[in-house]
Amino acid sequence: MNLNQIREQIKNITDYSPDLQAYANQLDSLINNAYFNIWRNKRWNFAEKQTFLEAYPDITSERETAGVGPAITAFFTDGQRLVTFSAPVNTLWNKKDIYEGNIIELNSREYTIVQILAPTQLSVAEPIRITGGVITNTIDNWRVKARFYTLPEDCIELLSVAHRDIPVGNQGNGQILPPYGKLYGILPRHDEELGLREDYTQTYAEAYIPIPPAIVPPAETWDHIFAEDPNGEWGALSGQYIELCWSFMNPTGQVGPLSEEKIIQVPGQIGTNALQVNFKTFDNQPVQSLNSAYGVGPGTKRNLEGLRKVLWYNANFDRVTGTRLGLPQWRQVILGAPTGAIAPANQDDPVIAADIVANAKVYYPATALGPGTKLYREYDGQHLRIRPYPRIDAFDFEYLEVTTASTTPPRLRDFFRRLEMRYYYKPAPLVLKTDTPELPYEFHSLIVYGALEDIYNKSGNSTLAEQYRRKQEKLLRQFEKRYVDRTDLSYQKGQFGVPRDRFIYDQQSLRNKSL
């Protein structure tokens, strides 16, 4: 059943079907509440995703130049937070979402990368220190480390990370690797008890350690103007309405809770204009970091530094009347492309305002507000992260930077190695009439029973609420027998003992030395 069919079945059972959008919205909220309650009730085997986690090696001067040409040096000044490279480090620039928030090592000391500002520049979170009274330093033995990895935005629980026998070459030698198997999860407390080295590297990881999640703060409010701009194409939407909001985005590309949403009307006879959205706090202050110069001023990380802003529009919306068609479905606003022109390569990139800027412009609404863009999934701003142990400092393939030509598309500088990952995910809410629950079809009635229980509890009819609760429990038992993910166990007779009070692990191989 889709959302509309679930609605109609509930209205049929309750014998109450007013043609009111407000009532439909309340019903949709109860349906989604019942849907999510069922989803988090058990670890269902249909609630899993299988994908790949891209693993990236350390970036060094020798690795970036592939051993050809002069070394890339890093220049920095004592007390400042800016690192400038003598040549573009394309891997850093192309993989900002991996290396921002990770580590750069300078003079045997580690610093956290806040932003990669350009192919030749980055800023770090604390002032760089140089010993021996030296003011400036230029080195070629710098090292950028991908120590931490942020999991997908819809990840609730990580179930498996493994090196599998996917047919890729062994560091370009074309040798097929044997399966290395699953990486074991180690709790942070055990990591600390065992004293596992944080900077230990190997070709493959043996385990992973969950680390505290990345927290993205909630957005607040905004206002707007339509500014005259020769590139703007808002004339086709004259007199129509759109609903917008925004959110923060951290350096690794994860978003936080949404701002206050607003409906705005496009002025009539607007011509060539661009929509400018001004990001504000509730006390009417511009939302931007004040630290735009990393070589002067305060030597510490400033408020809001590294937090960019992205726009979202409501796709479940009537632009002619300016009314919602149900619960909002927020999709990302992209750059888009002008009509009658060759579409640029970055047309599908989101509209992003830098951390030092308090506004963003939308030029091409016909394509910027088009269907199919990234869906916002009602995140709470917490995003899970892990640390592979040992850190993976190897790759299977190396791709050099290739610039675009008339007959050749650009190829970005990149390294290839990936792990297979399986995780328990959070589904998108049911918003559009045709949205269908990601549950097996034969148990969609569970959502109906759960919503009916809430409806009758709300109206004070505890007898019918209890009746539908029992129906739900009975059907849920059948559901569990068929679709709960279980681990098979094998048993072996015999005595097992541990000669010491606790297990003792080898730090490098993680083998148990107690037995």
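Select Phe395 first: its relative accessibility is 16%, so the residue counts as buried. You are looking at a predicted model.

**Stop 1: an aromatic pair**

A search of the whole structure turns up 25 aromatic pairs. In the pair of Phe395 and Phe415, the ring centres are 4.7 Å apart and the planes meet at 55°, so the pair is tilted. Now colour by secondary structure. Phe395 sits in the loop between strand E27 (391-392) and strand E28 (397-399). Phe415 belongs to strand E29 (residues 414-416).

Next, select Phe397 and Tyr399. Their ring centres lie 6.5 Å apart with planes at 40°, so this pair is tilted. Phe397 has a relative accessible area of 30% and is partly exposed. Tyr399, at 32% relative accessibility, counts as partly exposed.

**Stop 2: Asp393**

Stay in the loop between E27 and E28, where Asp393 is found. Is Asp393 buried or exposed? Its relative accessible area is 19%, which falls under the 20% limit, so Asp393 is buried. Show side chains. The side chain of Asp393 makes a polar contact of 2.7 Å with the side chain of Arg63. You get Pro57, Asp58, Arg63, Arg143, Thr201 and Gln202.

**Stop 3: Asp191**

Go to helix H6 (residues 188-194), which holds Asp191. Asp191 is buried, with a relative accessible area of 11%. Beyond neighbours within four places in sequence, Asp191 is in contact with Ile186, Leu196, Ile209 and Arg387.

**Stop 4: arginines over rings**

Select Arg385 and Phe148. Arg385 lies over the face of Phe148, 5.6 Å from the ring centre. Then select Arg417 and Tyr204. Here Arg417 lies over the ring face of Tyr204, at 4.2 Å from the centre.

**Stop 5: the ring cluster and the cores**

Select Tyr35, Phe36, Trp39, Trp44, Phe46, Tyr425, Phe443, Phe479 and Tyr483. Ring pairs link these residues into a cluster. Centre on Phe479. Setting aside neighbours within four places in sequence, Phe479 is in contact with Ile38, Trp44, Phe46, Leu439, Pro440, Phe443, Leu446 and Val484.

Phe479 also has a place in the largest nonpolar core, which has 76 residues. Which residues have the most contacts inside that core? They are Phe85, Trp142 and Phe479. A second, separate core has 27 residues, among them Ile264, Leu275, Leu311 and Val362. In soluble globular proteins, nonpolar side chains tend to be buried together.

**Stop 6: helix H8**

Select residues 445-459, the 15 residues of helix H8. From first C-alpha to last, H8 reaches 21 Å, close to the 21 Å expected at 1.5 Å a residue. Colour its buried residues: Leu446, Ile447, Val448, Tyr449, Gly450, Ala451, Leu452, Glu453, Ile455 and Tyr456. What covers them? The cover includes helix H1 (3-14), helix H2 (21-39) and helix H9 (462-483). Step past the end of H8 to Gly460, whose phi is positive, near 85°.

**Stop 7: Ala71**

Move to the loop between helix H3 (61-65) and strand E3 (74-77), the place of Ala71. Ala71 is partly exposed, with a relative accessible area of 40%. Not counting residues up to four places away in sequence, Ala71 touches Ser61, Ser86 and Asp140.

**Last stop: zoom out**

Show the whole chain. It has nine helices and 30 strands. Of its 515 residues, 46% count as buried. Take the contacts with a separation of 6 or more: residues 24 or more positions apart account for 73% of them.

Methods:
Residues numbered from 1 in each chain as written. Predicted model: local features only at pLDDT ≥ 70, side-chain atom pairs only at ≥ 80, totals over all residues. Heavy atoms only, no water. Phe/Tyr/Trp six-rings, centres within 6.5 Å; stacked < 30°, edge-to-face > 60°. Helix = DSSP H or I, 4+ residues; strand = E, 2+ residues; numbered from the N terminus. Buried < 20%, exposed > 50% of the residue type's maximum accessible area, 1.4 Å probe, protein only. Lys NZ or Arg CZ within 6 Å of the ring centre and 35° of its normal. Core = buried A, V, L, I, M, F, W, Y, C linked by side-chain atoms within 4.5 Å. Contact = heavy atoms within 4.5 Å. Polar contact = N/O pair within 3.5 Å; in protein donor to acceptor, adjacent residues only side chain to side chain. Expected span 1.5 Å × (residues − 1).
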